[in-house]
Amino acid sequence: MIDKSIKRILLSKRILRTDPFENITWTDEYFPSWISNLGIPNTDIFSCNTLQRRCSCSSVRGNQIILMDNYILELFLIFNQMLEPNFDSKQIEALFCLIIRDSYFSFDNIKYAAIYWDMAKQKISKNKIVKIRPITKDSEPRYIYVQQAFLVAHELVHSWFRELPYELIDQKNIIKDLLKEIFANRYSDIISTFSDSNIEEFCCDHIAVYLTMDISINGYNNSIENSAIAIMLALCHQLAIFCIDQWIAGELKSSLTNVDNFRATIVRRYIRNYVRQYRPDKLSCVDQSLDNIYSVWKEKIFDTLTEYLIEQNLNRSQYEKLYISDNDLQTVKAQLRSLL
């Protein structure tokens, strides 16, 4: 049980938002069995919804705490829906504006938060209002339950490695062998770009794929194709959000996105290995499904994001010239705070 003092520690540097997932307890369906099977009983989970939208594994007073930030899950839910045919690029750009607004607000850059808030309102007023469906794990497509499980599983494996470090050593050897298979003659050059923490991320993804595919198919009764798609989209959506964060920080360079790009590539191999082991008859169907969904995601979300950020770079000099008085900034700050 996580007491109030621990919650204060976990949230000390985060800005809380209204949480549409607050009363959703899907983790009860798999988290207790996972910590039991992994042999890490002193591990708990705490859910919140903050502008920082970072899931993490922390050690607090001798216990491992998985912090599940539901804002990232909320964005996944919206991105999933925006892959459907009835959403156009202008609606997706409005979402990018809101993500950027919230990021600037979290850094207390109210001027730029105000600029992107106004931009979002203009885009929303000119286009059909996006209506997000109610949150339910059985909504079609059946992705969000699986994506939550994958995020939780990834952080839980970090906790497992802290409790049992020799497991991490074994996993790193497995992952390095797998990277040799994937990248062949390029392996030496590619592996040198990764730190130990990068390799640990790949290790966490590896085990998380198996945990998540199992709970999705055998516990949630989801199809193997949908389970694979949900996990792949979780990595793709994270890449888009990461690029936005790096752009805001002025650090969006190809080298900085390499690890996240490789995570998606490597996770696909994990998924194929799972399918090959448990449902080899479904391998071609899963491959085709992943090809199709990646093509749609790249065109509708990633390519739209790339073009949008290029446009924003061209407009930045104009934004710099805008003047907003301190009084107006304080008013905007209060208004934005009330929206969270």
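**Reading contacts and helix packing**

Modeller: Leaving aside neighbours within four places in sequence, Glu225 is in contact with Lys282, Cys285, Val286 and Ser289. Please bear in mind that this is a predicted model.

Biologist: In which helix is the place of Glu225, and does Glu225 count as buried or exposed?

Modeller: Glu225 lies in helix α10, which covers residues 224–248. Its relative accessibility is 16%, so Glu225 counts as buried, the cut-off being under 20%.

Biologist: By what are two packed helices described?

Modeller: The description uses the angle between their axes and the distance between the axes. Here, helix α4 (residues 89–106) packs with α10 at an angle of about 50°, and their axes are 10 Å apart. The two helices, α4 and α10, are therefore oblique to each other. Their crossing is right-handed.

Biologist: Which residues of α4 and α10 meet?

Modeller: From α4 come Phe96, Ile99, Ile100, Ser103 and Tyr104, which meet Ile244, Asp245, Trp247 and Ile248 of α10. By class, this contact has seven nonpolar residues, one polar and one charged.

Biologist: At what angle do the axes of α7 and α9 cross?

Modeller: The axes of helix α7 (residues 165–183) and helix α9 (residues 196–219) cross at roughly 90° and come within 9 Å. That angle makes α7 roughly perpendicular to α9. In α7, Leu168, Gln171, Lys172, Ile174, Ile175 and Leu179 meet Asp196, Ile199, Glu200, Phe202, Cys203, His206 and Ile207 in α9. The residues of this contact divide into eight nonpolar, two polar and three charged.

Notes: Residues numbered from 1 in each chain as written. Predicted model: local features only at pLDDT ≥ 70, side-chain atom pairs only at ≥ 80, totals over all residues. Heavy atoms only, no water. Axes fitted to C-alpha atoms, helices over the stretch in contact; angles between N-to-C directions. Helix = DSSP H or I, 4+ residues; strand = E, 2+ residues; numbered from the N terminus. Parallel < 35°, antiparallel > 145°, perpendicular 65-115°, else oblique. Contact = heavy atoms within 4.5 Å. Nonpolar A, V, L, I, M, F, W, Y, C, P; charged D, E, K, R; others polar. Buried < 20%, exposed > 50% of the residue type's maximum accessible area, 1.4 Å probe, protein only. Left-handed = near helix turned anticlockwise from the far one by under 90°.
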